[in-house]
Amino acid sequence: MTSDSFEPQPLTPPDQEAPQRLHRLRTLGLGKPERKFDDFARRLAQTTTMPWAMVNFLDEHGQFFAGLYTAHITQPGISTPVTSLEPGRRMSREQGFCPHVVARRKALVLDDVCSYPRFAGNPVVDQLGIRTYLGAPLIDHTGTTLGTICVVGTEPRAWGTACPAADLSVVMATPVRPNPIGLSAVQLRNRMIVSARRIIVEHWLRVDRCPVCGCGWPCPPTVYAYDYLTSVGQGSWMPPGHVLGRR
């Protein structure tokens, strides 16, 4: 008689990088709420038109939102949710999807969380009503994944391929010290320019509305992208002719 043994895949991936990450977080002094992280989370939520956004670092106690934006604008130092239906400053590693981003070291896009069996049973689905997630890893110059930036919402969202988290994090100058992606100043500037232009192209208006956001043009991502191009002397840049012709 034979039998097949089945070991289910753990819902939360193992954290192989934890000791190195903890050392880097302590070295960088990233262990408390900071206004600039909250401001960044607010900008990220506004840019993606999502209700919640986080700058999330994973330490020995779980997940810590050094930057947090919710509908009620959680203040620095508050460690409990403003309401029972909003995230606080801390979550366990078993809650949410950022630990998966940290483990895979690349962005995770969940249009509808309930469409993915691996994620549909996560506690935040029932506890907070989360239905959509977009997150990208924060990797410092040593190659250590410190945490994530992410946005979440309570309604499914068709993210598609436009406005990826990685592009947004570059254009909006992800506030992690030192340079989070290990590039020289010139390389980082060039990458930000490319990312800003890509966002403008993807959000270029059709008729009088953004085809991605569905709102009046210019949409928030386009505004942030043009603000950056203006800051580096390229505010007059226009997309190629075939994009302009989409109107």
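Residues are numbered from 1 along each chain as its sequence is written, and side-chain values use heavy atoms, with hydrogens and water left out. Because the model is predicted, local features need pLDDT of at least 70 and side-chain atom pairs count only at pLDDT 80 or more, while totals for chains, interfaces and linings use all residues.

Confidence is given as pLDDT, the predictor's value for each residue, from 0 to 100. Its mean over the protein chain is 76. A pLDDT of 70 or more is reached by 74% of the residues. Residues 73-85 have pLDDT below 50. Beyond near neighbours in sequence, this stretch has 28 contacts in the model, a contact being heavy atoms within 4.5 Å. The pLDDT also stays under 50 over residues 169-181. For that stretch the model has 47 contacts beyond four places in sequence. Where pLDDT is low, the predicted coordinates should not be read in detail.

Secondary structure follows DSSP runs: helices (H or I) have at least four residues, strands (E) at least two, and both are numbered from the N terminus. Six strands form an open sheet in the order E3-E2-E1-E6-E5-E4. Their pairing is antiparallel; two strands pair if DSSP finds at least two bridges between them. Strand E3 (90-91) and strand E4 (108-110) are the edge strands, each pairing on one side only.

E1 and E2 form a hairpin, with two residues between them. Seven bridges join E1 and E2 in the antiparallel sense. Across this pairing, Asn-56 stands opposite Phe-65 in E2, and Leu-58 stands opposite Gln-63 in E2. E2 also runs antiparallel to E3, joined by two bridges. Here Gln-63 stands opposite Met-91 in E3. Eight of the eight residues of E2 are buried, so this strand is largely enclosed by the rest of the structure. Buried means under 20% relative accessible area, exposed over 50%, and partly exposed in between (1.4 Å probe, protein chains only). Helix H2 lies across E1, E2 and E6. H2 runs at about 70 degrees to E2. Axes here are lines fitted to C-alpha atoms, for helices over the stretch in contact, and angles run from 0 to 180 degrees between N-to-C directions.

Nonpolar cores were defined as sets of buried Ala, Val, Leu, Ile, Met, Phe, Trp, Tyr and Cys residues joined through side-chain atoms within 4.5 Å. The largest has 22 residues. Leu-30, Val-55, Phe-57, Ile-149 and Val-151 touch the most other members. At least two residues each come from helix H1 (18-28), helix H2 (35-48), strand E1 (52-59), strand E2 (62-69), strand E5 (132-139) and strand E6 (145-153). H2 gives the largest share, five residues. In soluble globular proteins, nonpolar side chains tend to be buried together.

Six salt bridges were counted, each a side-chain nitrogen of Lys or Arg within 4 Å of a carboxyl oxygen of Asp or Glu. Arg-93 pairs with Asp-15, with the closest N and O atoms 3.9 Å apart. Arg-93 lies in the loop between E3 and helix H3 (98-104) and Asp-15 in the segment before H1, so this pair ties together parts 78 residues apart in sequence. Asp-15 is partly exposed, at 24% relative accessibility.

Arg-89 forms a salt bridge with Asp-38, the closest N and O atoms being 3.0 Å apart. Arg-89 sits in the loop between E2 and E3 and Asp-38 in helix H2, so the pair ties together parts 51 residues apart in sequence. Arg-89 and Asp-38 are both buried. In a further salt bridge, between Asp-59 and Arg-90, the closest N and O atoms are 2.8 Å apart. This pair links strand E1 to strand E3, 31 residues apart. Arg-90 is partly exposed, at 34% relative accessible area. Salt bridges with shared partners join Asp-15, Arg-21 and Arg-93 into one network.

Two loop residues complete the description. Asn-122 lies between helix H4 (117-120) and helix H5 (123-127). Asn-122 is buried, at 9% relative accessible area. Beyond four places in sequence, Asn-122 contacts Glu-94, Gln-95, Gly-96 and Phe-97. Trp-217 is in the loop between helix H7 (185-202) and helix H8 (220-231). Trp-217 is partly exposed, at 25% relative accessibility.
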